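Student: I would like to learn how to read a structure like this one, feature by feature.
Tutor: Ask about one feature at a time.

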Amino acid sequence: MTGRHVVITGGMGFLGSHLADAFVLAGSNVTVIDDLSTGHLGNVAHLQDHPRYRQIVADVRDAASREVMERQADLIVHMAAAVGVRQTMENPVETIDTNVATTTAVLQAARTRNVKVLLASTSEVYGKSTRIPSSEEDDIVLGPPSHLRWSYAASKFTDELMALGCFRQFGLPVVIARFFNVTGPRQSERYVLPRFAAAALAGQVLEIHGDGAQTRSFTHVADAVRAVMLLAESADAVGEVFNIGTPNEVSIGDLARRVMRAVGVVSEREISERCRLIPYRDVYGDRFDDFQRRVPDVSKLASWTGWRPEHDLDATIGDVIAGLR
Ligand SMILES: NC(=O)c1ccc[n+]([C@@H]2O[C@H](COP(=O)([O-])OP(=O)(O)OC[C@H]3O[C@@H](n4cnc5c(N)ncnc54)[C@H](O)[C@@H]3O)[C@@H](O)[C@H]2O)c1
């Protein structure tokens, strides 16, 4: 990576800013592009004076962004996207437009000099599939379009198809990374683990959306970043899809209780009293659709790159809490 120019779209967001740190540390020249729609200058404030760091506050589709991707990039890490269940439910049109149009812009720019693209996708593309664990060649099972929640998954699935199409048709070197609930310091409190941690630290009630029995597998951002770095280096990974996640499944109800214990609440009675179930309909309205379990099969990532997760769930919870403190 030393001396190479890495362009990170969405580089002032949660994952993108951690990737900027890692690529700078690895000796790359890094340019981040971000329109600050959900990103923050504070996420990259510590990089401002680094001689190998540059930033452009712009939309990925703007001319300034296109120019740096077309003329200077040796690798494009495409993280920019409209993200989050609430964003998707409230702004489905913007979600689809942003995700498909930014990926189109990135792929077009990359084609001018055949630059490698690492595309951020998501475990959401597995939709309502009941196969556990989810594996890269599984069928995609999305709910009906009347349930707008699937707009995000559909837009990311379209991005994957476009990227793999560019690989097959034009030989563009692309790698698809499907992230599973990545979390850690700097993640917005719009997401469940930082939201629980903030409420637990403030002595407030933890609101569990749904019945709390739904499970997810949380991945420490440092483990996700290491996986991206390995995939960026791997020539074999080109034209392939990889799950990036940690198979430590936990129910959301259990997660809330573990967060509370991690901030020092010892009374089981207090823990029960401070966990409140909120029906999905009260959070997202009537036409919300969900899935019960999400667990990644990461055997492909492990066997192709040697990657292993280094953080279990308690370490991950601990780092989220430490980040908020
Ligand atoms: N964090 C996770 O658990 C997770 C899981 C699955 C997939 N992903 C994917 O990883 C990527 C990063 O997600 P994140 O969690 O860091 O979210 P984030 O919201 O922190 O990062 C997204 C960044 O993209 C920027 N952005 C959005 N639209 C843009 C545009 N048109 N031009 C320029 N910048 C734009 C935002 O300002 C933000 O900084 C996304 O593509 C997301 O779909 C993340």
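Student: How many residues does helix H5 have, and what span does H5 reach from its first C-alpha to its last?
Tutor: First, the ground rules. This is a predicted model, in which local features need pLDDT of at least 70 and side-chain atom pairs count only at pLDDT 80 or more, while totals for chains, interfaces and linings use all residues. Residues are numbered from 1 along each chain as its sequence is written. Helices (H or I, at least four residues) and strands (E, at least two) are DSSP runs, numbered from the N terminus. The expected span of a helix is 1.5 Å times one less than its number of residues. Helix H5, residues 150-170, has 21 residues and reaches 29 Å, close to the expected 30 Å. H5 is followed by Gly 171, with a positive phi near 75°.

Student: Which residues of H5 are buried?
Tutor: A residue is buried if 20 or more other C-beta atoms, placed from the backbone, lie within 10 Å of its own, exposed if 12 or fewer, and partly exposed in between. An α-helix has 3.6 residues a turn, so residues three or four places apart point the same way. The buried residues of H5 include Trp 150, Phe 157, Asp 159, Ala 163 and Cys 166. They pack against helix H3 (85-90), H4, S5 and strand S6 (174-179).

Student: Is Glu 273 buried or exposed?
Tutor: Glu 273 lies in helix H9, residues 268-273. Glu 273 is exposed because 10 other C-beta atoms lie within 10 Å.

Student: How many residues are in the largest nonpolar core?
Tutor: A nonpolar core is a set of buried Ala, Val, Leu, Ile, Met, Phe, Trp, Tyr and Cys residues joined through C-beta atoms within 7 Å. The largest has 62 residues, and Leu 19 and Val 228 are among those with the most contacts inside it. Helix H7 (residues 221-233) gives the largest share of this core, nine residues. Apart from it lies another core of 16 residues, among them Leu 193 and Ile 321.

Student: Which residues around the ligand come nearest?
Tutor: A residue is near a molecule if its C-beta atom, placed from the backbone, lies within 6 Å of it. Of the 28 residues around the ligand, Gly 10, Gly 13, Leu 15, Gly 39 and Ala 81 come nearest. Helix H1 (14-25) is one of the elements that give two or more residues to this shell, and the largest share, three residues, comes from H1.

Conventions. Contact = placed C-beta atoms within 7 Å.
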